[in-house]
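Here is a friendly briefing to read with the model open beside you.

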Amino acid sequence: MSSTVIITVACLSLIAFLAAVILYFVAQKFKVFEDPRIDDVQAILPAANCGGCGFAGCRNLAEALVKAETFEGLTCPVGGASVMDQVAKILGKEPPVVEPKVAVLRCNGSPEFRARTSIYEGVPDCRIAHNLFQGETDCSYGCFGLGDCVRACAFEAIYISTETGLPVISDEKCVSCGACVKACPRKLIELRKKAKKDRKIYVACSNCDKGGPARRACKVACIACLKCQKVCEFDAIKIENNLAYIDATKCTFCRKCVTECPTGSILEINFPPRKPKVEVQAETVNA
Amino acid sequence: MLKTFPIGGVHPPENKLTAGSKIQKLDIPATVAIPISQHIGAPATVSVNKGDSVKAGQVIATSKGFVSVNIHSSVSGKVNKVDTLIDTSGYKQTAIFIDTQGDEWLETIDRTDELKTEIKLSSEEIIKKCQESGIVGLGGATFPSHVKLTVPAGKKCDVLIINGVECEPYLTSDHRLMLEHGKEVLVGISILMKALKVNRALIGIENNKSDAIEHLKTLAASFQGIEIWPLKVKYPQGAEKQLIKALTNREVPSGRLPIDVNTVVHNIGTAFAVYEAVQKNKPLFERVVTITGKSLPKPGNYIVRIGTPVNKLIEAAGGLPENTGKIISGGPMMGKALINTDVPVVKGTSGIILVPQDEAGRSESQVCIRCAKCIAVCPMGLEPYLLMSLSQKDLFEKAEKERITDCMECGSCSYTCPAGRPLLDFIRLGKSTVIRMSRERVVK
Amino acid sequence: MSNILKISLSPHSHSPETTRKLMFGVVIALLPALLTSVFYFGYGAIIVTSVSVASCLLFEYLIQRFVLRKPVSITDGSALVTGLLLAFNVPSNLPVFIVIIGSFVSIAIAKMTFGGLGNNPFNPALVGRVFMLISFPVQMTSWPVPGGFGTGYTDAITGATPLAIIKEGIKNGESLSQLVTQIPTPAQMFLGKMGGSLGEVAAVALLIGFIYLLVRKIITWHVPVSVIGSVAVFTAILWLINPEKYASPMFHILAGGVLLGAIFMATDYVTSPMNHRSQIIYGCGIGILTVIIRVWGAYPEGVSFAILIMNAFVPLMNAYIKPRRFGEEVKNG
């Protein structure tokens, strides 16, 4: 009986020892050297793996950052300046200048402005709908409202409004990672320079049709009438392809173009309400 | 045992409501809108201006490049404008709008019904004539026919296959053509044989059209080398690769063309158009369209001028029923849903199907129960459930390895899925993404 | 012309088949076997079956409603099928509390923890059955002798199954020619007059169900035929080597759960492979493992274990065994 025990224990010990030896040599042979700083950098990154930097995940960005000579073109849009400063400190390099941005939707075609001309009966997926047809309205550039951007957003910054059927982007939650920009098959989402108090002035339309068809399809479409371009004193507005575009770096938020736009396709957001100058004057005249 | 293709296939209800209705002429509409892109390949270039007078059969847009064909006016009248309108693609496309005045054809066109059997043109002349006359595959794919007739250097064709399968439910335009214009179709096939320099042609016809099979068999006795083969009824037998497999047992390798197994496939409708172009000098500006649907008072088969809005066709068939929920251009398995009834009939429009409101919707998608029916019915031997989930998860490289590009979008998988899953919707998305990715790779 | 039209991708028509119709098709196919078992085992069969079905439905409802807080889908019929199959795999005199425990294991552990219908790697009914077999070996192996419709529930006379008789006999050194008097004749086995689980006994009823499933195109022939075929071939080889020690293929197919397993358990959609090639490999695997367990294993019956073992290989087969692609190999004729 006791010999059985001894033999068993001996056999098992021998096997364990052999396995340990083999494991040791295998581990030596397949050892991969990794710069320990990659782990340090990765620890600082936000770990959202959103892909906003252009890499598959935070680890890949960390590897690229450690390898790179300068931070040219490498930045974490989510973490912003503070994270990049820390990364620079670890790697002993100059931190890059990061300009905070925010995503905006360049379409304002809610049902009250865009009449429905057909009903989409398929999978709620913008890319599939985009491959199939121009959309439920006459506008072949506008938002489907099927929420590819919502699904792409790793920060829950976007939801589809039940009233307008359009995505709403939260200024606080948006980290400008750009995932929604890539997800949108119609390229309706733009990352714009962030301004004080989250103020925004932009053309909420992407319709490249001529004025007539654009207007017929949607009441708030840009009809490329050139009025905004003329009124802008800072050369911030360009009209290309029947569509106006406001350059956020040149715009001074004077709001002249907003009142000038005949279709109301230029939106002003987070501004204090205007003084009702015009109406007051009208009343005084009447009086 | 009737021949058929070996793997997969489904049996949707046939619903050939119009199999017995004679082809009628549809009245010429007051205006037509002729899109300049009615074929696969480069759109034609507009060659008329606003205010020009045109005759039926006159070229109004010229082919641009080899894979492109001419577009002809289908009516006589004045060019009103060149503008955009929504066509079967679901997007706005450039089209030429013509206001009709009378019905004057080009003088060169032979308007008689006389059958001309003697083929005077040479092989090269026939191919050239096809491009000039705007002949494209009329089964629905609208691939320019002259491209298929031009056998590339180093390859040879030994048998011509004619697709008289019409495996889509509802559609009967090819069926009626075979019955009413059998002789013309057979002459057309002889012309195609001459162009390809082959002496054997096989016509595959599904067994549910026994009258057409009998009729063509009697006629074909006086034509050299044309054989009629009845086939077992199974969808999608009309698909090129499946038809070749059924008739000749040759299997077109993945990613290759029928010419790689020494065959060329043309459609019955194309053969008829080729006859008209070559023997009668008449370009392709009208075609047979089936207008059908269970709710329609008078479904039928009509000869329709290209560019006629669909609503004219619906009017002729008894008017749009109140409860119409969906209008399909083409068959119910592969056709496209139309956005409105102003969409014009184009070269690829084989039928218009009206679907009532209660049948137009889709059932709710449920979880996959892994019943494997999609795999069993896939005629290409793919795994639709897997391709769908890969596309859903954006794993396009994997989907490419699973040969997503072999999918020909026949819809058998979505048709058969008991859980009502939108398999093909996602597979299409994956397929188009994979094709785009591989093109980008080539560019790099 | 004011209709607003619906737009969707093709195909625009859909076959009338739905998940629910498929599941209820399986239920219909199970009815002949259920009726014969009521005929042979009496009230016990009715009580066990109804308790099993009711508790499976109840557990599915409770879990979906209160644990997962998802829409309740008990009407799709999958829990009903699981309940029936679970009942078919137990003796008809099994105490009610064990049936309920088995249902709980089937639904809660084997099905719902993996995400419900479509995601479970193992056949739920078989997991429940094997759990009961291991936990309550005495109750699970005391088989009532077929006593006709009047047989009571708990007071049924019990005996051994033909497989157990053979197994014990061979172990004790008896030869098959001696044992043959103790087991039912092939005709009796075909009609189901023998001890066994309540659904597995009547070969004829199971075959009627099989034909119905094939005609309705609910299943294909690949899995059942390869299971039965491989059992037949393997046992035939052994039988030819020594007919005194190994039973005939006929006996192996008719006795025990081969038919029930091959037709209804191995063909379970969720846990069987996706294409015909791997379905045949899967079926042969089940057949061979069954015979190995029966002839050399500890248990007299091995179908349940064989199916569960092969279930484990299904994801692997789905990943590596692909259907024959069109245009895969060039064959010009």
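Contact here means heavy atoms within 4.5 Å. With that cut-off, Leu126(C), Val127(C), Arg129(C), Val130(C) and Leu133(C) of helix α5(C) meet Ser304(C), Phe305(C), Ile307(C) and Leu308(C) of helix α15(C). Please keep in mind that this is a predicted model.

**Helix packing in chain C**

- The contact of α5(C) with α15(C), sorted by class, has 7 nonpolar, 1 polar and 1 charged residues.
- Helix α5 of chain C spans residues 124-135 and helix α15 of chain C spans residues 303-320; their axes come within 10 Å and cross at roughly 130 degrees.
- Angles over 145 degrees count as roughly antiparallel and those from 65 to 115 as roughly perpendicular, and α5(C) and α15(C) are therefore oblique to each other.
- The crossing in which α5(C) passes α15(C) is left-handed.
- Another pair in chain C is helix α11 (residues 222-241) with helix α14 (residues 276-296), packed at an angle of about 40 degrees with axes 7 Å apart.
- That angle makes α11(C) oblique to α14(C).
- The handedness of the crossing of α11(C) and α14(C) is right-handed.

**Helix packing in chain B**

- In chain B, helix α4 (residues 182-196) packs with helix α5 (residues 210-220) at an angle of about 60 degrees, and the axes are 10 Å apart.
- With that angle, α4(B) is oblique to α5(B).
- A right-handed crossing is found for α4(B) and α5(B).
- On the α4(B) side, Gly182(B), Lys183(B) and Leu186(B) take part, and they meet His215(B), Leu216(B), Leu219(B) and Ala220(B) of α5(B).
- Sorted by class, the contact of α4(B) with α5(B) has 4 nonpolar, 2 polar and 1 charged residues.

**The interface of chain B and chain A**

- Here 17 residues of chain B are in contact with 17 residues of chain A.
- About 1400 Å² is buried between chain B and chain A, and carbon and sulfur atoms give 53% of that area.
- On the chain B side, Tyr91(B), Lys92(B) and Ile339(B) lose the most area to chain A, and together they give 41% of what that side buries.
- There are 2 salt bridges between chain B and chain A.

**The interface of chain C and chain B**

- This contact takes 40 residues from chain C and 67 residues from chain B.
- The area buried between chain C and chain B is about 4600 Å², with 54% of it given by carbon and sulfur atoms.
- The interface of chain C and chain B has 5 salt bridges.
- A salt bridge joins the side chains of Arg324(C) and Glu251(B), at 2.9 Å from N to O.

**Salt bridges overall and within a helix**

- Over all chains, the structure holds 47 salt bridges.
- Asp148(A) and Arg151(A) form a salt bridge, their closest N and O atoms being 2.8 Å apart.
- Both Asp148(A) and Arg151(A) lie in helix α6 (residues 148-152) of chain A, 3 residues apart, about one turn of the helix.

**Backbone details**

- The peptide bond from Tyr235(B) to Pro236(B) is cis, and its omega is near -5 degrees.
- You can find Pro236(B) in the loop between β11 (226-231) and α6 (240-248) of chain B.
- Ser10(C) and Pro11(C) are joined by a cis peptide bond, with omega at about 0 degrees.
- Pro11(C) is in the loop between β1 (5-7) and α1 (19-41) of chain C.
- Asn15(B) is not a glycine, yet it has a positive phi of about 50 degrees.
- To find Asn15(B), look at the segment before β1 (23-25) of chain B.

Key: Residues numbered from 1 in each chain as written. Chains lettered and ligands numbered in written order. Predicted model: local features only at pLDDT ≥ 70, side-chain atom pairs only at ≥ 80, totals over all residues. Heavy atoms only, no water. Axes fitted to C-alpha atoms, helices over the stretch in contact; angles between N-to-C directions. Helix = DSSP H or I, 4+ residues; strand = E, 2+ residues; numbered from the N terminus. Parallel < 35°, antiparallel > 145°, perpendicular 65-115°, else oblique. Left-handed = near helix turned anticlockwise from the far one by under 90°. Nonpolar A, V, L, I, M, F, W, Y, C, P; charged D, E, K, R; others polar. Buried area = accessible area lost by both parts, 1.4 Å probe. Salt bridge = Lys/Arg side-chain N within 4 Å of Asp/Glu carboxyl O.
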